[in-house]
Amino acid sequence: MPIEPTPHTADYDWQPCHIWFPRTGLVLDRHGVRTRVIWPGQYMVRKSRTLRKWMYRHR
């Protein structure tokens, strides 16, 4: 019976990130997750387990 690979857990933990150019993406705030323009600055980033996309939040 083959062993299934486990997902890389570091992708699913919040990590610091610095954005240099504006882009659209998923932003997590107190009202939920929304697609917004991500402006240059410092963010925390992680991969969403359900949406399989990168999610950002302000530091």
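My entries follow, from the whole chain down to single residues.

**Entry 1: ground rules.** I am reading a predicted model, where local features need pLDDT of at least 70, side-chain atom pairs count only at pLDDT 80 or more, and totals for chains, interfaces and linings use all residues. Residues are numbered from 1 along each chain as its sequence is written, and side-chain values use heavy atoms, with hydrogens and water left out.

**Entry 2: the chain.** I looked up the secondary structure and found zero helices and five strands. Both are DSSP runs, numbered from the N terminus: helices are H or I with at least four residues, strands are E with at least two. Along the sequence the pattern reads β-β-β-β-β. I then checked burial: 24% of the 59 residues are buried. Buried means under 20% relative accessible area, exposed means over 50%, and partly exposed lies in between (1.4 Å probe, protein chains only). The chain exposes about 5000 Å², and carbon and sulfur atoms supply 56% of that area. Accessible areas come from the Shrake-Rupley method with a 1.4 Å probe; for residues, only the protein chains shown count as cover.

**Entry 3: the sheet.** In what order do the strands sit in the sheet? I read S1-S4-S5-S2-S3, an open sheet with mixed pairing. Strand S1 (15–19) and strand S3 (32–38) are the edge strands, each pairing on one side only. The twist averages 45° from one strand to the next. Axes for such angles are lines fitted to C-alpha atoms, for helices over the stretch in contact, and angles run from 0 to 180 degrees between N-to-C directions. Two strands pair if DSSP finds at least two bridges between them.

**Entry 4: two pairings.** I followed strand S2 (residues 23–29) to S3: they run antiparallel, joined by seven bridges. A hairpin of two residues connects S2 to S3. Thr24 has Val37 in S3 as its bridge partner. S4 and S5 are also antiparallel, over five bridges. There, Arg46 has Met55 in S5 as its bridge partner.

**Entry 5: the core.** Which residues form the largest nonpolar core? I listed six: Ile19, Val27, Ile38, Tyr43, Val45 and Tyr56. Such a core is a set of buried Ala, Val, Leu, Ile, Met, Phe, Trp, Tyr and Cys residues joined through side-chain atoms within 4.5 Å. In soluble globular proteins, nonpolar side chains tend to be buried together. Leaving aside neighbours within four places in sequence, Ile19 contacts Ile38, Trp39, Pro40, Gly41, Tyr43 and Tyr56. Contact means heavy atoms within 4.5 Å.

**Entry 6: the S4–S5 loop.** Ser48 lies in the loop between strand S4 (41–47) and strand S5 (54–58). Is Ser48 buried or exposed? Ser48 counts as buried because its relative accessibility is 4%. A polar atom of the Ser48 side chain lies 3.4 Å from the backbone nitrogen of Thr50. Not counting residues up to four places away in sequence, Ser48 touches Tyr12, Lys53 and Met55.

Entry 7: Arg52 is found in the loop between S4 and S5. Arg52 has a relative accessible area of 57%, so Arg52 is exposed. Phi of Arg52 is near 60°, a positive value in a residue other than glycine. Most residues other than glycine have a negative phi. Tyr12 lies in the segment before S1. At 14% relative accessible area, Tyr12 is buried.

How values were computed
Polar contact = N/O pair within 3.5 Å; in protein donor to acceptor, adjacent residues only side chain to side chain.
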